[in-house]
Each structure stands twice: as structure tokens, then as C-alpha cells.
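Colleague: Could you take me through one part of this model up close, and then carry on to whatever else you'd look at? I'd like the cut-offs as you go.

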Amino acid sequence: MLIWIIAEPMKWNITMNNLIRLSKSIISRAEMDAVQAVMESAYLGMSIQTRDFEKEIAQYLGNDRHVVCVNTGTSALQCALQAIGCGVGDEVLVPTLTFVACFQAISATGATPIACDVDIHSGLLDLHAAEKRITPRTKAMMPVHYASHVGDLKGIYQFAEKHNLRVIEDAAHAFGCEYDGKKIGAQGDVVCFSFDGIKNITCGEGGAVVSSDPELIRMIQDIRVLGVQNDTEKRYSRKRSWDFDVTEQGWRYHMSDIMAAIGRVQLTRLDNEFKPKRIALAKQYRELLKNVESVVLLETDIENVVPHILPIRVIGGKRNEVRDGLLQQNIEVGMHYKLNHQLSKYHADAALFPVAEQLYQELLTLPLHPDLDESEVADIVGSIKALV
Ligand SMILES: *Cc1c(COP(=O)(O)O)cnc(C)c1O
């Protein structure tokens, strides 16, 4: 579970029925049928469903991209870092305002995550702050498309080129989003997606790495199956490797056909169903909240994103009051994210992150998922108005 829910979302006197959920998997009969078909095929591991899901993601993104699917978004990030040669002694720039998955994926390779401050208007990596954190050991940067907004992606790539850094985009929030007329993932160095239970599309759990470099993708195809060379091709033709070689550290990170079958159906529902619904709800929130006292909306590009979460800023020291008031009314809210530099394992001096520290006092994530309806959004905003 990747949301950090503030306080207990369910008090003893609250039932599940009238709780407005923060996020949710949206599963139809079609996903259940697809899973049943895999069950009946009696081949549940990684095989043709995963292969086809990878092809369909590549087609969806366009631009002749290569795709490799893994078991989580976190392992996608870790495999991508390993494949670009990140390891002990290397440093990776990453915003402190992100899911701890980013930090764990970096430290799992032996490299050191270097927390950076973020921009007050968007919560995205602040390149000026990041520049101050560069050392001779800096090898890569991991910008996070926070709340599905990518900000100045061109600027990020110019920065990376200037400092000779690889870029691993954490696009866990941004599947289906567009930038500069192309899908996120259709361009860029290495782009990682998550298909966990509440993302824009889900496999139950899952992730993918996307790149134009066939050699990098081939490496990750091996890394995800314990480093067993060419095992992916064999599994895709329902064979196994009995005689093989291993030349590097691998992990048990492949995607099963059960997960891929769910993802394949979800992908067909994204543009017609999930995307318009998420955009409409986010637009409604923004319209209703734009003039509300003490509420500040984050910068976004609403026509081109598929909003995964809806964080707002509640300024004037009123966030906790609004949060507790909404929770009391059975409206589940969240906080994306606990700052990573505040964690014991990744601790760094708070003075380096004045903006993130401020946002940490102001951010509040409101419910957003395709099963939410307009009247619920209106009610939530009504409650916020009453509370501020
Ligand atoms: C969901 C998420 C991940 C990791 O994905 P999992 O599939 O849950 O491992 C990484 N970064 C961000 C910002 C996320 O929201």
C-alpha cells in the first residue's frame, strides 16, 4: 500500500459503506474473465500474457519504444538503475517529496539517494536546488512526475546533459499522460511505470521499464529472472532454461501472466473510461476550489494529464484542522508524501529543504478515482469550505 493515511481512516463507528475512499482499484467482469482464462490455461508464470502486455504498452506509447514488465514499480526503478550501471559510490538526485520506493530502489543498487528540494507550485524537483547537490559522484537523476505533472521535462533533460547524468523518470503517477504532444514514456532516457493497485491502470501489482535502447531492455529481461541469460525468450515460448549462464546479480522480479492479463484489460479501458473520468473529476475539484480561502491548487496541465492523485495545499496553518474534519465526515484523505530526508535511513538536515518542509505542513490529498461521482466531489469541497 503506498498511501500514508493520516490518522485512522476508519473509526470504530464508521462503516465501509459511507466512507469516501481516497483511491481504489476499478475492476470489471472483463479483468476477472481474463484472469480465469489464464487460470484455465494452467500456466500462471511469466509467458505470453506478459509478452503481449509489453507489446501493447509499446504500441500505446508509440515511437518504437521497448518495454519490459516487472513485478512492481519499485523493482522497475531498481532494475533501470542497475542497467545503467548505478552502484556503490554513485549518487542519484531525487526529490525528497516522493514515495520511499524511489529511495529504496536507489539504495538497493548500492548507490546513495541524494534528496533535493522541490518547487513550491508543483512539488516537482527544483533544478536549482538539485544543482547545489551535484558532486563528482553524481551519476543519475530521478525526477518524479508528482501528481501526474511533469513540469519542464525539456529543462530536466537539458540539466542532465549539462551535468552528464542519466535520467530515470519515475512516471508511476503518469501512465497515459502527454507532454509536448507525445505520451510520457514515448520519449526520454529510461521511464518507469507502476501498475500497483491504485495507479492509473493496475495489474494488482506490477511495473514496467521503457527505453529506446534495446540493449538496456535486454539486460533488464535477464535481471528480472535472477540474471538467467535469455530466459525471457524461452518463457515467452513456454520453455524453460535448464542449461544457462549468469553473469550478473539478478532478482526475482518478473511479472506473472495473471498480473499481465489484468493489465491488458485495464490498458483497453484507460483512454475511454479512466482518463476522461479522472480528468473530469480533477477539473471539477479545481473549478470548485479555485477561489476557496486558504486553498492553493498545485500547478498542472489538466488537458494532458491523467490525474492519479489530487493533492492540494491548505495554507494559513489550517491543514490539520481540515484533514481531521474530513476524516470525521468519513472522507478518506492522504498525505503524499512523508519527506524522505525525515526518515532515519535517509536522514538529512531539514535546512536543505525549506520548500518541502513547508509543503509538508500544507499538503492534503483528496479522494480521486474513477468510481467517485460529481456529487461526492461537490460534497467534499463543501466540507472543505465549511472547515476553512
Ligand atoms: C507507486 C509509486 C512507486 C512504486 O510503485 P509500486 O508498484 O507500488 O512499487 C514509485 N514511485 C511513486 C511516486 C509511486 O507513486
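How many residues does helix 1 have, and how far does it reach from its first C-alpha to its last?

Modeller: Ground rules first: this is a predicted model, where local features need pLDDT of at least 70 and side-chain atom pairs count only at pLDDT 80 or more, while totals for chains, interfaces and linings use all residues. Residues are numbered from 1 along each chain as its sequence is written, and side-chain values use heavy atoms, with hydrogens and water left out.

Now your helix. Helix 1 covers residues 29-41, so 13 residues, and reaches 18 Å from first C-alpha to last, close to the 18 Å expected at 1.5 Å a residue (a helix is a DSSP run of H or I with at least four residues, a strand a run of E with at least two; the expected span is 1.5 Å times one less than the number of residues). Its buried residues are E31, A34, V35 and V38 (buried is under 20% relative accessible area, exposed over 50%, partly exposed in between, with a 1.4 Å probe and protein chains only). Down the axis of helix 1 they fall within an arc of 95°, so they line one face (the arc takes directions from the helix axis to the C-beta atoms). An α-helix has 3.6 residues a turn, so residues three or four places apart point the same way. On the face of helix 1 turned away from the buried side sit the exposed R29 and E40.

On to the ligand. There are 16 residues around it, and G73, T74, D170, D196 and K199 come nearest (a heavy atom within 4 Å counts as near). By class, that shell holds six nonpolar, seven polar and three charged residues. For D170, a polar side-chain atom lies 2.6 Å from a ligand nitrogen; for D196, such an atom is 2.6 Å from a ligand oxygen. K199 has a side-chain N or O atom 3.1 Å from an oxygen of the ligand (polar contacts are N or O pairs within 3.5 Å). Alone, the ligand exposes 370 Å², and the protein buries 95% of that (Shrake-Rupley, 1.4 Å probe).

Last, some backbone checks. D180, in the loop between strand 6 (178-179) and strand 7 (182-183), has a positive phi of about 55° without being a glycine, and D180 is partly exposed at 48% relative accessibility. R238 also isn't a glycine, and its phi is near 60°; R238 sits in the loop between helix 8 (231-236) and helix 9 (257-289). The H336 to Y337 peptide bond is cis, with omega near 10°.

Methods: Polar contact = N/O pair within 3.5 Å; in protein donor to acceptor, adjacent residues only side chain to side chain. Nonpolar A, V, L, I, M, F, W, Y, C, P; charged D, E, K, R; others polar.
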